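Please read them alongside the coordinates.

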Amino acid sequence: SDLLKGRFYVTFADGKRSSLLRQYQLCSSGLDETAFLGRAMAMCAADVRTACGQLPAAMRDALAEVRGRVARDELPLLSLLQTEPLKLQSSHLSFQEYFAARAICEEGTRLSGAPLWQWPAGWANALAFGAEMGEPFAKGLKRAAGVEADFLDLTGKLGGDPPTVMRVVALFSTVSTSLNLQNNFIRDEGAVAIAEALQGNAVLTSLDVGGNSLTEEAALGIVRVERQRNKLTSLGLGGCSIGPTGAAGIAEYVSGSGVLKSLDLDDNHVGAEGAAAIAEALRGNGVLKTLDLNGNKIGDEGAKAIGGALADNAGLTNLVLYDNRIGNEGAKALAAALRVNEVLKN
């Protein structure tokens, strides 16, 4: 306007606006934004190198590792344009996330805000970096969360972004002996993540995923991996929609496991057929000590099958069968088994 003639405002990239400027206060470099930034970076390159040389040794090592990753084009969301002199293009705070992961590896790091098992998606890339760092990161994550014991009870505590949180759970499983994940609304995708975390895991010996409304197939995915792994001494699959077919698969797992001592299958749908399959697995098994089959509607026929197995089983000490529609005939079969079974206590 005539009122502003010969005077200007400058709007910066962040949206802020300068005070009113006169024409003689302005001049142009003649460069577009990319070229201008390149020139500015070149002018300060020597100072940056000097500053980097004065960093602590650990930070210099971290910087060298990042530079190496960039040179190999292995840094997520960061593209290599040229190696010498180094030129790259980033659309994300990858450096910040990488250094966050490195910091978690260090002793004394503590994290504020939401618990790790309720992290939002913003932590996904830091966790991806950390997973590549392996055990030091997993231990640091556990330490930063203030978890000192080897067991972790997360019953009803999971929240945040499900994929991100399941990655946290997977990392915890590599440095914990016991993990309780009951009642967390974990869906089938989460069960797949748990099964993947079990592969190659030599530490975890107790896992409970009950009460998460998993499908039978999702639950069996965990069982299949564990059947090959054979490390769990305790497995909880309560409320996982397991029917007769699933029970047959679990029975095969029980038959082949030489370490499983406790199996929780409460509140499923194994029925008489599934109970018969599990009973068959019990006959030659002397390792399993606790079996929970409550709420499975096994009826008299299922109870008879279990009773027949108890007559031959010499390992089971705790058996839970309430809420199974067992009538007089089933009770008689169980009673007859107890007359000859000398190990069952409860």
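1. Met 166, Val 169, Ala 170, Ser 173, Leu 179, Leu 181, Ala 193, Ile 194, Ala 197, Leu 198, Leu 204 and Leu 207 form the lining of the largest cavity. Two or more of the lining residues come from each of α6 and α7. The model is a predicted one.

2. The largest cavity holds about 60 Å³ of space. Searching the whole structure gives one cavity of 30 Å³ or more. By class, its lining counts eleven nonpolar residues, one polar residue and no charged residues.

3. The second largest pocket has a volume of about 570 Å³. Its lining is made up of 26 residues, and Pro 163, Met 166, Arg 167, Ala 170 and Ala 193 are those nearest the centre. Met 166, Ala 170 and Ala 193 are also among the residues that line the largest cavity.

4. Which helix gives the most to the lining of the second largest pocket? That is α6, with seven residues. At least two residues each are supplied by α5, α6 (162–173) and α7 (188–198). The pocket lining splits into 14 nonpolar, six polar and six charged residues.

5. Helix α4 (residues 124–133) and helix α5 (residues 135–144) have axes that come within 5 Å and cross at roughly 125°. The two helices are therefore oblique to each other.

6. On the α4 side of this contact are Ala 126, Leu 127, Gly 130, Ala 131 and Met 133; they meet Glu 135, Pro 136, Phe 137 and Leu 141 of α5. The contact comprises seven nonpolar residues, one polar and one charged.

Key. Residues are numbered from 1 along each chain as its sequence is written. This is a predicted model: local features need pLDDT of at least 70, side-chain atom pairs count only at pLDDT 80 or more; totals for chains, interfaces and linings use all residues. Side-chain values use heavy atoms; hydrogens and water are left out. Axes are lines fitted to C-alpha atoms, for helices over the stretch in contact, and angles run from 0 to 180 degrees between N-to-C directions. Helices (H or I, at least four residues) and strands (E, at least two) are DSSP runs, numbered from the N terminus. Angles under 35 degrees count as roughly parallel, over 145 as roughly antiparallel, 65 to 115 as roughly perpendicular and the rest as oblique. Contact means heavy atoms within 4.5 Å. Ala, Val, Leu, Ile, Met, Phe, Trp, Tyr, Cys and Pro count as nonpolar, Asp, Glu, Lys and Arg as charged, and the others, Gly among them, as polar. On a 1 Å grid over the protein atoms alone, a cavity is a set of points where a 1.4 Å probe fits but cannot get out, and a pocket is an open set with protein on both sides within 12 Å along at least five of seven lines; lining residues have an atom within 4 Å of a point. Grid points are joined across faces, edges and corners, and a volume is the space filled by probe spheres set on the points.
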